[in-house]
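Subject: Structure handover

Hello,

Here is the structure you will be working with. Please open it first, then read my notes below.

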Amino acid sequence: MSNSLLKQVLATSLIWATSVSISLAQAETDTSFKDTLAVKGLKLEANALNYQADASKGEALANQRCIACHGDAMLKMMTTYPDIKGQKAAYLFKQLVDFKRGDRSDPLMQAQAGMLSETEMKDVAYYYSTQTASDLSK
Ligand code: HEC
């Protein structure tokens, strides 16, 4: 291979690698859930639809309101309480919207979701999706 051709190949692969890593980074940080199947049909207001979830706000909310039931201590005692850590953000978000709208019924969770705005739901759903599911066998 001639030297200039080699340079050209290297430059092309560098550009390709850069664009791949940029698009991966975008996929990881797209926390609007805009194009997910879960959000389709929910008819969210534009402010909720376009909102970029914030994991640190979600963490604060989780520690305030959710940890009592979805924290490891309670999960070990209450076998019907779901571990929501590591679940997909869009799934968790949809469940919260459904509880609030009464499309999914559970007295405990309808009361909890009733207190959350849709942007808070995105924050907390995103936060839980970043966590690792617990090993409750220990
Ligand atoms: C008083 C206890 C309690 C609190 C507090 C609570 N939850 Fe729950 N949560 C439950 C129970 C029980 C269920 C299972 C409901 C069912 O069986 O349908 C549940 C289910 C869920 C689900 C559905 C999980 C799935 O796999 O479908 C989500 C999402 C959820 N909770 C999120 C939250 C968030 C976010 C908070 C804090 C804002 C919270 N919960 C606070 C008890 C609680």
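Helices and strands here are DSSP runs, numbered from the N terminus: a helix is H or I with at least four residues, and a strand is E with at least two. Please keep in mind that this is a predicted model: local features need pLDDT of at least 70, side-chain atom pairs count only at pLDDT 80 or more, and totals for chains, interfaces and linings use all residues. Residues are numbered from 1 along each chain as its sequence is written.

**Overall picture**

The protein has seven helices and zero strands. From the N terminus on, the elements run α-α-α-α-α-α-α. Of the 138 residues, 22% are buried. A residue is buried if 20 or more other C-beta atoms lie within 10 Å of its own, exposed if 12 or fewer do, and partly exposed in between; the C-beta atoms are placed from the backbone.

Next, contacts. Two residues are in contact if their C-beta atoms, placed from the backbone, lie within 7 Å. Take the contacts between residues at least 6 apart in sequence: 72% of them join residues at least 24 apart.

**The ligand**

Which residues are closest to the ligand? They are Arg65, Cys66, Cys69, Gln95 and Asp106. In total, 17 residues surround the ligand. A residue counts as near a molecule or strand if its C-beta atom, placed from the backbone, lies within 6 Å of it.

Helix H3 (55–70), helix H5 (89–101) and helix H6 (107–114) each supply at least two residues of this shell. H3 gives the most, with five residues. By type, the shell has 12 nonpolar, three polar and two charged residues. Here Ala, Val, Leu, Ile, Met, Phe, Trp, Tyr, Cys and Pro count as nonpolar, Asp, Glu, Lys and Arg as charged, and the others, Gly among them, as polar.

**How the helices pack**

H3 also packs against helix H7 (residues 118–129). The angle is about 90°, and the axes are 7 Å apart. Axes are lines fitted to C-alpha atoms, for helices over the stretch in contact, and angles run from 0 to 180 degrees between N-to-C directions. H3 and H7 are therefore roughly perpendicular to each other. Angles of 65 to 115 degrees get that label; those under 35 are roughly parallel, those over 145 roughly antiparallel, and the rest oblique.

On the H3 side, the contact includes Ala55, Lys57 and Cys66. On the H7 side, it includes Glu120, Val124 and Tyr127. The contact of H3 with H7 holds eight nonpolar residues, one polar and four charged.

Glu59 sits in helix H3. It has 17 C-beta neighbours inside 10 Å, so Glu59 counts as partly exposed. Glu59 and Ala125 are 66 residues apart along the chain, yet their C-alpha atoms are separated by 9.5 Å.

H5 and H6 pack at about 100°, with their axes 8 Å apart. That makes H5 roughly perpendicular to H6. Leu96, Phe99 and Lys100 in H5 meet Met109, Gln110, Ala113 and Gly114 in H6. Four of the residues in this contact are nonpolar, two are polar and one is charged.

**The core**

In soluble globular proteins, nonpolar side chains tend to be buried together. A nonpolar core is a set of buried Ala, Val, Leu, Ile, Met, Phe, Trp, Tyr and Cys residues joined through C-beta atoms within 7 Å. The largest one here has 20 residues. Ala89, Leu92, Phe93, Leu96, Met121, Ala125 and Tyr128 touch the most other members. H5 and H7 are the elements that give two or more residues to this core. H5 gives the most, with seven.

Leave aside neighbours within four places in sequence, and Met121 is in contact with Phe93, Leu96, Val97 and Leu116.

**Loops to look at**

Phe33 lies in the loop between helix H1 (3–29) and helix H2 (46–49). Phe33 has a positive phi of about 55°, although it is not a glycine. Is Phe33 buried or exposed? Phe33 is buried, with 25 other C-beta atoms within 10 Å.

Lys43 is also in the loop between H1 and H2. Lys43 has a positive phi of about 50° and is not a glycine. Lys43 is exposed, with 8 other C-beta atoms within 10 Å.

Best wishes
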